[in-house]
Amino acid sequence: MRDLRPILLVEDSLQDAELTIAALARCQLLNPVIHVRDGEEALDYLRSTGRYSGLHHGGPVVVLLDLKLPKLTGLEVLAEIRRDETLRHTPVVMLTASRQDRDLVKSYEVGVNAFVVKPLDFDEFLSAVQELGMFWGMTNQPPPPFVPAA
């Protein structure tokens with residue numbers, strides 16, 4: 001049976017989030033999309049803390065992470081994910097408007113799995129997000145949920 005863990009979308013722009021969710025819906029993925037608006041909320045969701053305390057979701061199938069976020073930047077969130085034993089294997093795609101080489105290089109240095117620049121053209125944006133959704137939601141085999149050693 002297909003792993004139906006959620007896709008975590010970390011995006012502070014409500015318009016970009018709505019477009020991304022609509023594009024993912026066109027793929028007819030069964031994975032739910034969880035949208036959070038800042039870096040702290042992303043880590044709370046991933047760690048099942050704060051308002052997500054007690055939530056047992058098995059971790060997302062992929063995190064779609066914006067680079068420029070309030071509270072903690074995308075790079076800070078990525079660094080926290082890679083430092084955390086329970087999260088370090090979580091696939092993370094930087095989905096950003098940044099076209100700066102330094103952001104690309106730093107993202108890979110910190111451990112991002114893919115870096116995708118949001119196209120400015122609406123149809124190209126939809127296409128890019130649909131391709132991401134299909135690959136990470138259906139094609140890619142995600143790591144199993146972390147289970148601590150007894």
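In the predicted model, helices α1 and α5 cross with right-handed geometry. Two packed helices are described by the angle between their axes and the distance between those axes. Here, the axes of α1 (residues 14-26) and α5 (residues 122-139) come within 8 Å and cross at roughly 60°. The two helices are therefore oblique to each other.

On the α1 side, the contact is made by Asp 16, Leu 19, Thr 20, Ala 23, Leu 24 and Arg 26. Helix α5 contributes Phe 122, Phe 125, Leu 126, Val 129, Gln 130 and Gly 133. By class, the contact of α1 with α5 comprises seven nonpolar, three polar and two charged residues.

Gly 133, located in helix α5, has a relative accessible area of 3% and is therefore buried, the cut-off being under 20%. When neighbours within four places in sequence are set aside, Gly 133 is in contact with Leu 24, Leu 29 and Met 138. Of these residues, Leu 24 also takes part in the contact of α1 with α5. Between Gly 133 and Thr 90, the C-alpha to C-alpha separation is 15 Å in space, and the two residues lie 43 residues apart in sequence.

Aromatic pairing was also examined. A search of the whole structure finds one aromatic pair, formed by Tyr 45 and Tyr 52. A pair of aromatic rings is described by the distance of the centres and the angle of the planes. For Tyr 45 and Tyr 52, the centres are 5.2 Å apart and the angle between the planes is 85°, an edge-to-face arrangement. Both Tyr 45 and Tyr 52 are buried.

Conventions. Residues numbered from 1 in each chain as written. Predicted model: local features only at pLDDT ≥ 70, side-chain atom pairs only at ≥ 80, totals over all residues. Heavy atoms only, no water. Axes fitted to C-alpha atoms, helices over the stretch in contact; angles between N-to-C directions. Helix = DSSP H or I, 4+ residues; strand = E, 2+ residues; numbered from the N terminus. Parallel < 35°, antiparallel > 145°, perpendicular 65-115°, else oblique. Left-handed = near helix turned anticlockwise from the far one by under 90°. Contact = heavy atoms within 4.5 Å. Nonpolar A, V, L, I, M, F, W, Y, C, P; charged D, E, K, R; others polar. Buried < 20%, exposed > 50% of the residue type's maximum accessible area, 1.4 Å probe, protein only. Phe/Tyr/Trp six-rings, centres within 6.5 Å; stacked < 30°, edge-to-face > 60°.
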